[in-house]
Amino acid sequence: MPFPSSNPIILMSLHTWYKESRRIFCKFFCLDMALHDQSLELADPLLDDDGRLRRTGTLGTCVAHIITGVIGSGVLSLAWSVAQLGWIGGPVALLCFAIITYFSASKLADCYRYPDSVNGKRNYSYMDAVRVNLGYKRMLLCGFLQYLSMFVTGVAYVITVSTCMRALLKANCYHREGHQASCKSSDAFYMLIFGAVQIVMSQIPDFQNMEWLSWVATIMSFCYSTVGLGLGLAKVIGKGKFEGGITGVRMSGPAKKTWTVFEALGDVAFAYPYTLILLEIQDTLKSPPPENKTMKKGSLLAIIVTTFFYFACGCFGYAALGDSTPGNLLTGFGFYEPFWLIDFANVCIIMHLVGGYQIYSQPIFATFELWFARKFPNSGFISTFYTMKSPIIPSFRISLFRLFFRTSYVASTVGIALAFPYFNSILGVLGAINFWPLAIYFPFEMYILQRKITAWSREWVALRTLSLICLIVSLLGFVGSFVSIISAKFNL
């Protein structure tokens with residue numbers, strides 16, 4: 001069956017991608033798989049070749065969508081990553097990940113249409129492209145990795161919001177009592193508050209359809225990223241010199257330094273890739289010119305802008321704070337004043353991630369609730385809905401299973417965050433999960449098959465070699481982050 005029509009005039013947003021990804025995953029998990037209907041020969045000038053409203057996206061909207069999708073909470077860890085890698089390794093890592101991200105994006109852009117990259121049938125989402133090119137089993141693997149990534153992102157959001165809430169109180173405490181005051185507080189209390197809020201929000205019907213969420217997330221992410229950049233730049237100008245060294249932060253031994261460097265690579269890997277939303281962005285572009293050409297140009301421009309921003313935040317943060325650069329630039333108190341600006345930045349992060357948690361969670365809720373409903377159609381616990389009425393909010397319907405499942409899901413993310421409240425390490429794990437399989441392996445494999453690249457040809461060897469190198473980097477990032485988690489947990 002064909003996918004539902006979408007209005008190309010509506011700006012692409014992160015939650016739009018998740019809605020589409022959710023539909024596809026549910027379709028293949030719960031229904032018999034069927035190929036797209038053959039495109040209709042349409043004469044209507046308002047419709048595209050697939051029967052959908054004519055797409056109107058341009059190079060400018062493409063660049064805007066990519067930047068919106070890429071810049072987020074990952075920017076907060078880049079100063080720490082540069083600090084671990086040093087003045088040579090840090091900028092080189094940022095530049096290499098930028099180049100590889102663009103290269104992978106350009107290959108994936110050619111897979112928007114199948115079997116021909118210009119005249120073939122459209123693939124509306126990443127999982128759709130994987131299914132058409134690589135088959136059903138690898139599509140399921142891709143879906144599993146996407147949903148695992150969403151779950152780990154939820155854990156990261158719990159940790160980040162709790163540290164921001166704590167930082168708000170500490171910033172005001174330091175302002176009142178001085179920078180040497182203890183001002184101690186526990187992250188656990190704030191994690192539980194955040195979890196309680198998310199349990200309530202997870203029961204709101206059609207939360208994922210609230211368009212304003214993406215606008216709020218976009219504005220907030222640019223606000224706190226700009227604050228972090230401005231604070232670092234101002235401190236460097238005030239000092240009149242750059243802190244830090246060529247090899248980065250000095251450690252007590254070579255083993256600890258090695259694991260920390262690997263963890264930093266995982267954090268950088270988390271910040272860059274936007275593979276999972278690339279085809280959805282490309283699906284908004286008008287043609288002619290061919291969508292893949294516009295997408296490649298847009299990717300290049302967006303990566304240049306993003307890399308400049310990342311270099312500025314990461315390098316100025318390290319230059320300002322040197323070996324004392326915190327894991328999170330805005331919550332580690334490398335900066336104390338102006339306290340109101342730090343408060344503003346942390347409020348922006350909280351507003352971003354409170355809604356962002358639901359954007360990442362709703363597809364998981366919908367997928368598994370639909371699966372259970374189809375698996376146990378006669379279960380009253382699952383299928384019976386009760387109408388809830390309130391004088392404050394509109395009435396809505398809820399089932400006991402939905403209440404139990406969503407509450408359990410939120411509790412599981414909070415529980416893991418309570419057990420492993422390590423911001424940089426969790427981002428490193430998430431970066432490793434995303435980088436090689438989702439940003440490198442699947443795009444390269446689809447490109448090789450679609451272009452019918454001969455085995456052991458020069459291009460085949462080059463792509464497979466680069467994929468192997470990226471696999472090694474992902475493994476190192478994962479191992480380094482995992483070792484850091486274990487070391488912190490057991491004080492090793």
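Helices and strands are DSSP runs numbered from the N terminus, a helix being a run of H or I with at least four residues and a strand a run of E with at least two. By this numbering, Trp456 falls in the loop between α14 and α15. The structure described here is a predicted model.

Trp456 is not a glycine, yet its phi is positive, at about 70 degrees. Lys452 is located in the loop between α14 (423–450) and α15 (458–490), and its phi, near 55 degrees, is likewise a positive value in a residue other than glycine. Exposure was assigned above a cut-off of 50% relative accessible area. Trp456 has a relative accessible area of 68% and is therefore exposed. Lys452 counts as exposed because its relative accessibility is 68%.

The crossing of α14 past α15 is left-handed. In the contact of α14 with α15, 16 residues are nonpolar, seven are polar and three are charged.

The handedness of the crossing between α6 and α11 is right-handed. On the α6 side the contact is made by Phe194, Gln198 and Met201, which meet Leu353, Val354, Tyr357 and Gln358 of α11. By class, five residues in the contact of α6 with α11 are nonpolar, two are polar and none is charged.

Ser202 is situated in the loop between α6 and α7 (212–239). With a relative accessibility of 0%, Ser202 counts as buried, the cut-off for this class being under 20%. When neighbours within four places in sequence are set aside, the residues in contact with Ser202 are Gln358, Gln362, Phe365, Arg402 and Arg406. Gln358 also belongs to the set of α11 residues met by α6.

Ile364 is a residue of helix α11. Its relative accessibility is 6%, so Ile364 counts as buried. Residues up to four places away in sequence being excluded, Ile364 touches Tyr147, Met150, Phe151, Phe405 and Tyr409. For one of these, Tyr147, the separation from Ile364 is 217 residues in sequence, while the C-alpha to C-alpha distance is 6.8 Å.

Two further loop positions were examined. Arg55 is placed in the loop between α1 (14–30) and α2 (59–70). Arg55 has a relative accessibility of 4% and therefore counts as buried. A polar atom of the Arg55 side chain lies 2.6 Å from the backbone oxygen of Asp283. Pro115 is in the loop between β1 (113–114) and β2 (121–122). The peptide bond joining Tyr114 and Pro115 is cis, with omega about 5 degrees.

Definitions and conventions
Residues numbered from 1 in each chain as written. Predicted model: local features only at pLDDT ≥ 70, side-chain atom pairs only at ≥ 80, totals over all residues. Heavy atoms only, no water. Buried < 20%, exposed > 50% of the residue type's maximum accessible area, 1.4 Å probe, protein only. Polar contact = N/O pair within 3.5 Å; in protein donor to acceptor, adjacent residues only side chain to side chain. Left-handed = near helix turned anticlockwise from the far one by under 90°. Contact = heavy atoms within 4.5 Å. Nonpolar A, V, L, I, M, F, W, Y, C, P; charged D, E, K, R; others polar.
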